[in-house]
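Here is a short tour of one protein model, written for someone new to reading structures. Take a look at the sequence and the 3D view, then read on.

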Amino acid sequence: MKLPVLKSVFLLLAFVFFSCKEETVPKPTSQLRLEYPAPNYRELKSNCPFSFEVNAIAQLKNNSCSYEIQYPKMKATVYLTYKEVHNDMDKLLQDAQNLTYKLHTLKADDILEQPFVNSNKKVFGMFYKVGGNAATNALFYATDSTKHFMTGSVYFYAKPNYDSILPATQYVQDDMRRIMETLIWK
């Protein structure tokens with residue numbers, strides 16, 4: 001009877017002795033590496049009183065000269081709204097600035113203003129880069145100061161987490177800047 005007990009104790013001690021190793025540390029959670037194709041721009045031609053270049057990977061929906069530029073892989077949409085100016089430039093500018101500041105200052109860490117001036121094409125405006133977990137990370141307005149006014153903003157269909165969507169945000173912001181830079185009033 002002592003022999004089976006001794007074998008059991010020996011096996012238990014051997015198991016305990018050989019099972020003691022350094023503590024296993026789990027690997028940190030991995031992050032997705034988001035890569036997007038190099039942009040390939042094409043001119044958007046329409047019956048609207050303007051034209052601009054848009055990324056070929058984007059899908060467009062037109063609703064009487066207001067566009068939804070969709071990026072399905074990024075779950076993002078840029079909303080462009082066009083309005084004719086009828087002696088209401090001050091109101092249009094105020095609405096565009098209110099959209100940026102009143103709606104986003106609660107969640108935004110910072111809002112950077114980048115003026116845009118292209119005197120040759122008579123395109124003047126402001127590009128807003130919104131930092132933090134705000135609903136949108138970029139907005140802009142553009143005008144010729146007399147007849148035409150356009151606003152643009154991007155929205156992602158995901159919970160705002162600035163660090164997670166940063167590559168997509170930068171990609172779409174570059175496309176929005178391209179819209180401003182290539183905007184031509186007719």
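How many salt bridges does a search of the whole structure find? The search finds three, where a salt bridge means a side-chain nitrogen of Lys or Arg within 4 Å of a carboxyl oxygen of Asp or Glu. We'll get to each of them below.

## Before we start

This is a predicted model, so local features need pLDDT of at least 70 and side-chain atom pairs count only at pLDDT 80 or more, while totals for chains, interfaces and linings use all residues. Residues are numbered from 1 along each chain as its sequence is written, and side-chain values use heavy atoms, with hydrogens and water left out.

## The overall layout

The protein chain has three helices and ten strands. These are DSSP runs numbered from the N terminus: helices are H or I with at least four residues, and strands are E with at least two. Going along the sequence, the pattern is α-β-β-β-β-β-α-β-β-β-β-α-β.

Of the 186 residues in the protein chain, 37% are buried. Here, buried means under 20% relative accessible area, exposed means over 50%, and partly exposed is in between (1.4 Å probe, protein chains only). As for contacts (heavy atoms within 4.5 Å), take those with a separation of 6 or more: 52% of them join residues 24 or more positions apart.

## The salt bridges

Side chains of opposite charge can pair when their charged atoms come close.

Let's begin with arginine 178 and glutamate 53, whose side chains meet at 2.5 Å, N to O. Arginine 178 sits in helix 3 (residues 166-182) and glutamate 53 in strand 2, so this pair ties together parts that are 125 residues apart in sequence. Arginine 178 is partly exposed at 27% relative accessible area, and glutamate 53 is partly exposed at 23%.

The other bridges each stay inside one helix. Aspartate 95 pairs with lysine 91, with the closest N and O atoms 2.9 Å apart; being four residues apart in helix 2, they are separated by about one helical turn. Aspartate 95 is partly exposed at 34%, and so is lysine 91 at 49%. Arginine 177 and aspartate 174 have their closest N and O atoms 3.7 Å apart, and they are three residues apart in helix 3, again about one helical turn. Both ends are partly exposed: arginine 177 at 22% and aspartate 174 at 45%.

## Rings that pair up

The structure holds nine aromatic pairs. Rings of Phe, Tyr and Trp (its six-membered ring) pair if their centres lie within 6.5 Å; planes under 30 degrees apart count as stacked, over 60 as edge-to-face, and the rest as tilted. For phenylalanine 50 and tyrosine 82, the centres are 5.2 Å apart and the planes are at 45°, so the pair is tilted. Phenylalanine 50 is in strand 2 (residues 50-55) and tyrosine 82 in strand 5 (residues 76-84), 32 residues apart, so to speak a link between distant parts of the chain. Phenylalanine 50 is buried at 1% relative accessible area, and tyrosine 82 counts as buried at 10%. Ring pairs link Phe50, Phe52, Tyr67, Tyr82 and Trp185 into a cluster.

Another tilted pair is tyrosine 128 with tyrosine 141, with ring centres 6.4 Å apart and planes at 45°. Tyrosine 128 belongs to strand 7 (residues 123-132) and tyrosine 141 to strand 8, 13 residues apart. Both tyrosine 128 and tyrosine 141 are buried.

## A cavity inside

On a 1 Å grid over the protein atoms alone, a cavity is a set of points where a 1.4 Å probe fits but cannot get out, and lining residues have an atom within 4 Å of a point.

What lines the largest cavity? The lining is Ala96, Leu99, Thr100, Tyr128, Leu139, Phe140, Tyr141, Thr151 and Gly152. Helix 2 (89-104), strand 8 (138-143) and strand 9 (148-156) each give two or more residues to this lining.

## Two loop residues with positive phi

Cysteine 65 has a phi near 70°, a positive value in a residue other than glycine. Cysteine 65 is in the loop between strand 3 (59-63) and strand 4 (66-71), and at 18% relative accessibility it counts as buried.

Lysine 75 also has a positive phi, near 55°, and lies in the loop between strand 4 and strand 5. Is lysine 75 buried or exposed? With a relative accessible area of 52%, lysine 75 is exposed.

Technical notes: On a 1 Å grid over the protein atoms alone, a cavity is a set of points where a 1.4 Å probe fits but cannot get out, and a pocket is an open set with protein on both sides within 12 Å along at least five of seven lines; lining residues have an atom within 4 Å of a point.
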